[in-house]
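Subject: A structure for you to explore

Hi there,

Here is the structure I promised to pass on to you. Have a look around it first, and then read my notes below.

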Amino acid sequence: MSKLAILSGAGISAESGLKTFRDAGGLWEQYPVMEVASYEGWLKNPELVLEFYNQRRKQACQAVPNAGHRILAELEQWFQVTVITQNVDALHEKAGSSRVIHLHGELSKVRSSTHPSYIREIGDKEIHIGDCCPMGGQLRPHIVWFGESVPLFEEAIPYVEEADYFAIVGTSLNVYPAAGLLGYFPLNRPVFVIDPNEVPVPTSRKAVFIRKGAGEGAAVLKELLLKLEKLTP
Ligand code: OAD
């Protein structure tokens, strides 16, 4: 089976009703990013940060996967698929994808601000000031904030290096190191980019741009990949 690595971003969840960050009307227009998504912001106003992620968690839990998520999951019938996502929702898993690496953390988990190895599932529950781990540390969202390291980045690299195909779906490639994963994919292999807008992919790449939303775009990707592999749907 050929290997497919997918790097996804907020655009794939847009068709499930979750806002992207940098599009017009996106989250970073509504909220000051460094106030709600940085360690400095957390120290300055933890209530605001908890409230921001309580809202995100509630919305993400109510959202359902769209055709984009479903088609990427379906591709496991023909390919060894690894989804490397910047998204903190669980829509890839809900659609049936079996290997998902969450580079930027997961909304349904919390961790202790004093004992980082204390990580727990909370589902759709809210967290508030005073909610602590057994050792007494305040609980915080299990999210990678700006300025923090991305512990799962190293785990993602070999899946990209060894992939036969790489697909970039719904990400503006603004945020590193996630955007840098493309650099690990062999130059002579094809990259597919699904996004209704322009995405900065170096011209040295053999890129196929699918200028569509995630649902329609994933259907085109499936058709192209099956044709390349001489497989039938
Ligand atoms: P962005 O908001 O930067 O980019 C969203 C991308 O999705 C853009 O390229 C849009 O053109 C595209 N898009 C919009 N609608 C789409 C649709 N229906 N189908 C497909 N694509 C669509 O979001 P990300 O690149 O995911 O990190 O942002 C990366 C990181 O920046 C996030 O993980 C988050 C944010 O700050 C943290 O909070 C740490």
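You will find valine 201 in the loop between β8 and β9. If you want a landmark, look for alanine 179, which is 22 residues away along the chain; the C-alpha atoms of the two are separated by 9.8 Å. Please keep in mind that this is a predicted model.

Next, follow the chain back to strand β8, residues 190-194. Is this strand enclosed or open? Here 5 of the 5 residues are buried, so β8 is largely enclosed by the rest of the structure. Pro190, Phe192 and Ile194 point one way from the strand, while Val191 and Val193 point the other way.

What are the neighbours of β8? One is strand β7 (residues 165-169), which runs parallel to β8 and is joined to it by 4 bridges. Within this pairing, alanine 167 has phenylalanine 192 as its bridge partner. Another is strand β9 (residues 206-210), which also pairs with β8 in the parallel sense, over 5 bridges. There, lysine 206 of β9 stands opposite proline 190.

Now for the aromatic rings. The structure holds 10 aromatic pairs. One of them is formed by tyrosine 165 and phenylalanine 192, with ring centres 6.4 Å apart and planes at 50°, so the pair is tilted. Because tyrosine 165 lies in strand β7 and phenylalanine 192 in strand β8, the pair ties together parts that are 27 residues apart in sequence. Both tyrosine 165 and phenylalanine 192 are buried. Elsewhere, ring pairs link Phe21, Trp28, Tyr31, Trp42, Phe52, Tyr53 and Trp145 into a cluster.

A second case to look up is arginine 120, which lies over the face of tyrosine 118 at 4.1 Å from the ring centre.

A few backbone details are worth a look as well. In the loop between β7 and β8 you will find proline 177, which is joined to tyrosine 176 by a cis peptide bond with omega of about 10°. Leucine 173 lies in the loop between β7 and β8 too, and its phi is near 55°, a positive value in a residue other than glycine. Lysine 230, in the segment after α9 (214-228), also has a phi near 55°.

Last, the second largest pocket. Its volume is about 190 Å³, and 13 residues line it. Arg111, His142, Val144, Pro151 and Leu152 are the lining residues that lie nearest its centre. Which strand gives the largest share of the lining? That is β4 (residues 105-112), with 4 residues. Sorted by class, the lining has 4 nonpolar, 5 polar and 4 charged residues.

Enjoy exploring, and write back with any questions!

Best wishes

Terms used: Residues numbered from 1 in each chain as written. Predicted model: local features only at pLDDT ≥ 70, side-chain atom pairs only at ≥ 80, totals over all residues. Heavy atoms only, no water. 1 Å grid on protein atoms, 1.4 Å probe; cavity = no way out; pocket = protein on both sides within 12 Å on 5 of 7 lines; lining within 4 Å. Points joined across faces, edges and corners; volume = space filled by probe spheres on them. Helix = DSSP H or I, 4+ residues; strand = E, 2+ residues; numbered from the N terminus. Nonpolar A, V, L, I, M, F, W, Y, C, P; charged D, E, K, R; others polar. Buried < 20%, exposed > 50% of the residue type's maximum accessible area, 1.4 Å probe, protein only. Pairing = 2+ DSSP bridges. Phe/Tyr/Trp six-rings, centres within 6.5 Å; stacked < 30°, edge-to-face > 60°. Lys NZ or Arg CZ within 6 Å of the ring centre and 35° of its normal.
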